[in-house]
Each structure stands twice: as C-alpha cells, then as structure tokens.
Amino acid sequence: MNDHEVHEECLRLLRDGLPVPAPAAFAEGRDYLPLGLDKDGDVAVVTFLYQWGDSAPSFIEGWTFHRRDGEWMELGGAGGSAPDEPLARRSSGEMGRHLLKYGSARTVRNANRLLPWGAKWVNEARLRASAEVARVRVGKRILDVPEHGHVVVVWGARRGPVIEALASDGAVLDVMDLDRPSVPVASQG
C-alpha cells in the first residue's frame, strides 16, 4: 500500500469507522488490516497491521490526524514490529496484566508556527488488551476492544490519559497511566 492509498484508507475509516466485526485474517490480495481507530475532539489516530509474505515479520503502523476547517489533515505516522501472532488474543495470565502498551508516537500539529516554542502535539499509544477486557475507558470515552485485542488511544493534552480496562459487566480490571512507565504486575501464585 503506497502513501496515497494509506491516506485514502485512513480518511475512509475516519468517516465510516472500523469494520464490525474486526477482520480476523488478511483478505486475498491485501497486505494490511485496519487494526484500531480513536478520535478525541479534533485529533485522531488510525492503525494498520501489515504483513509482507510469510517470512517477514508483521508491522503495526499508526497515522495521526488533526481536524482543521472540517477536514482531517494527516500529521504523520510511526510504527514498529507487531507481537508474535498479532491477531491471537491472549489471557491476562499470558500477558502479565490486562493492558500492555507496546508502542507510542507523537506528531506536532502546529508545525506552521513562526517561532520554535509553543508546539502542540498529538500523541498516540498502541495497547494490547487481554481476552477478559471488553472495553477501554479513556476519560469519558469508551472504546470497544476488537476480537484481536489491539486498541489505539489518541490525545492532544499535555498529560497522557489514565486508561481503564473494563470487563463485559463494567468492572475495572486494570488501570494504566500513559504518563508513567507501565510495569507488569507480579503474578499471584
């Protein structure tokens, strides 16, 4: 997928949302899957899982956007290696906790300013939720966790949000402060 196709696919997903249910396998002839989407006011992020044949490792990439004058403007992208078996959901016992942060990125949203200070940023965090997590609460936003367990969160504030992993009954299973390093909890046993 070239940059133009990525941009068009991101705009389509921002307009229409992610497919429900989330894709569980790559479609014939496509080397990417839409993985996650989050919007927070005038900022947004879209993530994709890429796979280039059987021998190359999978790759997860996130693209950030800022809404200006009613249009989504692409700010940039970042990515990294995907975990082994990226579409297989893991239990909290296998993961060590209910939420794991495996990637993050930051892009400037006012790059056209005249002076170097006063930069405003769009931040993203790529998370993996355990099989027990049904939804993730980010402030007042509630994000459904797709079957594959990957969630992406975007924010434009200086401080990162606190994320809560929720069970299907709404019980809080885990809390993660995106401003602090995440440390897996010791297993009970």
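Visitor: What is the bridge partner of Y32 in β2?

Guide: In this predicted model, Y32 is bridged to Y50 of β2. Further along, G36 has T47 of β2 as its bridge partner.

Visitor: What makes β1 and β2 a pair?

Guide: Two strands pair if there are at least two bridges between them. Eight bridges join β1 to β2 (residues 43–50), so the two count as paired. They run antiparallel and form a hairpin with two residues between them. In the turn, G41 has a positive phi of about 65 degrees.

Visitor: Why are β1 and β4 called edge strands?

Guide: The open sheet has four strands in the order β1-β2-β3-β4, with antiparallel pairing. β1 and β4 (71–81) each pair on one side only, and that is what the name edge strand refers to here. On average, neighbouring strands of this sheet are turned by 20 degrees against each other, direction ignored.

Visitor: What lies across this sheet's strands, and at what angle to β2?

Guide: Helix α1 (residues 3–16) lies across β1, β2, β3 (59–68) and β4. The helix runs at about 120 degrees to β2.

Visitor: How do you know that β1 is mostly covered?

Guide: A residue is buried when its relative accessible area is under 20%. Seven of the nine residues of β1 are buried, so β1 is described as mostly covered.

Visitor: Why is H98 called buried?

Guide: The relative accessible area of H98 is 15%. The cut-off for buried is under 20%, so H98 counts as buried. H98 is found in the loop between α2 (92–95) and β5 (99–108). Leaving out residues up to four places away in sequence, H98 touches several residues, among them S92, R128, E132, L173 and D174.

Visitor: Why does D69 count as exposed?

Guide: Exposed means over 50%, and D69 has 83% relative accessibility, so D69 counts as exposed. D69 lies in the loop between β3 and β4. Its phi is positive, about 50 degrees, although D69 is not a glycine.

Visitor: And why is E85 called exposed?

Guide: E85 has a relative accessible area of 55%. That is over the 50% cut-off, so the label exposed applies. E85 is in the loop between β4 and α2. The phi of E85 is also positive, near 45 degrees, in a residue other than glycine.

Visitor: What is the omega of the peptide bond that joins V20 and P21?

Guide: Omega is about 0 degrees, and the bond is a cis peptide bond. P21 is found in the loop between α1 and β1.

Visitor: What is the volume of the largest pocket, and which residues are closest to its centre?

Guide: The volume is about 410 Å³. There are 21 lining residues, and those closest to the centre are L18, V20, L37, D144 and P146. The elements that give two or more residues to the lining are β1 (32–40), β8 (141–144) and β9 (150–155). β1 gives the most, with five residues.

Visitor: How do the residues of that lining divide by type?

Guide: The lining has 14 nonpolar, three polar and four charged residues.

Methods
Residues numbered from 1 in each chain as written. Predicted model: local features only at pLDDT ≥ 70, side-chain atom pairs only at ≥ 80, totals over all residues. Heavy atoms only, no water. 1 Å grid on protein atoms, 1.4 Å probe; cavity = no way out; pocket = protein on both sides within 12 Å on 5 of 7 lines; lining within 4 Å. Points joined across faces, edges and corners; volume = space filled by probe spheres on them. Nonpolar A, V, L, I, M, F, W, Y, C, P; charged D, E, K, R; others polar. Axes fitted to C-alpha atoms, helices over the stretch in contact; angles between N-to-C directions. Contact = heavy atoms within 4.5 Å. Buried < 20%, exposed > 50% of the residue type's maximum accessible area, 1.4 Å probe, protein only.
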